[in-house]
Amino acid sequence: MKFDNATIASCLRSAATALAVLCLIAWTEQVVSHPVHRSPPLKDPKTHQAVREMSQHAQRKELEEDTSIRLMPRASANQNHMEICCLHANILNFYLNNILHKYSDEHPSMHQLKTDLHRVSEDLQDQGCNLTHYHNHRHTVEFRRKLEKMEGERGINKAVGEIDILFTYLHDYCEEPKPFANATNDADNDN
């Protein structure tokens, strides 16, 4: 059987088109499954330091009885990175709208920290976190319920004292998992 150049070129174009579509589907699934690019403030050591200082400042003002209470929900190992990331992005948004402005005169670096955290929130929304989707998630509801139970300034102070936990979750879960780490985990699971 003899093929002419037109038939070969047509087959190659079809194969290239099919390959391009498959690559696009794989890329889209990867983008939807977890954020790809970490927001610049999440990478910035100065932001990490400001979060740590703010948290420690608030913790020094905590009542002894509040040290055993934890507002921030723990991340579940069986959730994917995008879900944990967006859940905590929702809680970050709650902090920005309901907590940090009530604490703004308490610490000199609050203005810059709020600016950085707003940037993180915007970046995560641009990367696909639908914050309203997580508004009624059980962890978000539990966080708000515990905060309301602590009442007023005491609750605000406790929440600011836990901002380091929130920032750590955002830092750890709002980026694409490293392929090497996944390969290691898969190898461990096989044993």
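Close-up 1. Leaving aside residues up to four places away in sequence, F143 touches L71, M72, P73, I91, F94, Y95 and I99, where a contact means heavy atoms within 4.5 Å. This is a predicted model, in which local features need pLDDT of at least 70 and side-chain atom pairs count only at pLDDT 80 or more, while totals for chains, interfaces and linings use all residues. Residues are numbered from 1 along each chain as its sequence is written, and side-chain values use heavy atoms, with hydrogens and water left out. F143 also belongs to the largest nonpolar core, a set of 40 residues in which Y95, I99 and F143 touch the most other members. A nonpolar core is here a set of buried Ala, Val, Leu, Ile, Met, Phe, Trp, Tyr and Cys residues joined through side-chain atoms within 4.5 Å, and buried means under 20% relative accessible area, exposed over 50%, and partly exposed in between, with a 1.4 Å probe and protein chains only. At least two residues of this core come from each of α3, α4, α5, α6, α7 and α8 (163-173), and the largest share, 13 residues, is supplied by α4.

**Close-up 2. The protein chain as a whole, for orientation.** The protein chain holds 9 helices and 0 strands, and its pattern along the sequence is α-α-α-α-α-α-α-α-α; helices (H or I, at least four residues) and strands (E, at least two) are DSSP runs numbered from the N terminus. Of its 191 residues, 37% count as buried. Among contacts with a separation of 6 or more, 86% are between residues 24 or more positions apart. The accessible surface, from the Shrake-Rupley method with a 1.4 Å probe and, for residues, with only the protein chains shown counting as cover, comes to about 11800 Å², of which 53% belongs to carbon and sulfur atoms.

Close-up 3. At the start of α4, a side-chain oxygen of N80 reaches to within 3.1 Å of the backbone nitrogen of M82. H88 is found in this helix and is buried, with a relative accessible area of 1%. Not counting residues up to four places away in sequence, H88 touches M72, P73, L166, Y169 and L170. Further along, α4 has a kink of about 45 degrees centred on L96, the bend at a residue being the angle between axes fitted to the seven residues ending there and the seven starting there. L96 and H118 are 22 residues apart in sequence and 7.2 Å apart in space, C-alpha to C-alpha; H118 has its place in helix α5 and counts as partly exposed at 36% relative accessibility.

Close-up 4. H137 lies in the loop between α5 (110-126) and α6, and at 17% relative accessibility it counts as buried. Its contacts, not counting residues up to four places away in sequence, are with Q79, E83 and L87.

Close-up 5. Because R154 lies in helix α7 (residues 152-161) and E65 in the loop between α3 (45-60) and α4 (81-103), the pair ties together parts that are 89 residues apart in sequence. R154 counts as partly exposed at 30% relative accessibility, whereas E65 counts as exposed at 55%.

Close-up 6. The side chains of E142 and K146 meet in a salt bridge of 3.0 Å, N to O. Both residues lie in helix α6 (residues 138-150), 4 residues apart, which is about one turn of the helix. E142 is partly exposed, with a relative accessible area of 26%, and K146 counts as partly exposed at 22% relative accessibility.

**Close-up 7. A network of salt bridges around K158.** E62, K158 and E162 are linked in a network of salt bridges.

Conventions:
Salt bridge = Lys/Arg side-chain N within 4 Å of Asp/Glu carboxyl O. Polar contact = N/O pair within 3.5 Å; in protein donor to acceptor, adjacent residues only side chain to side chain.
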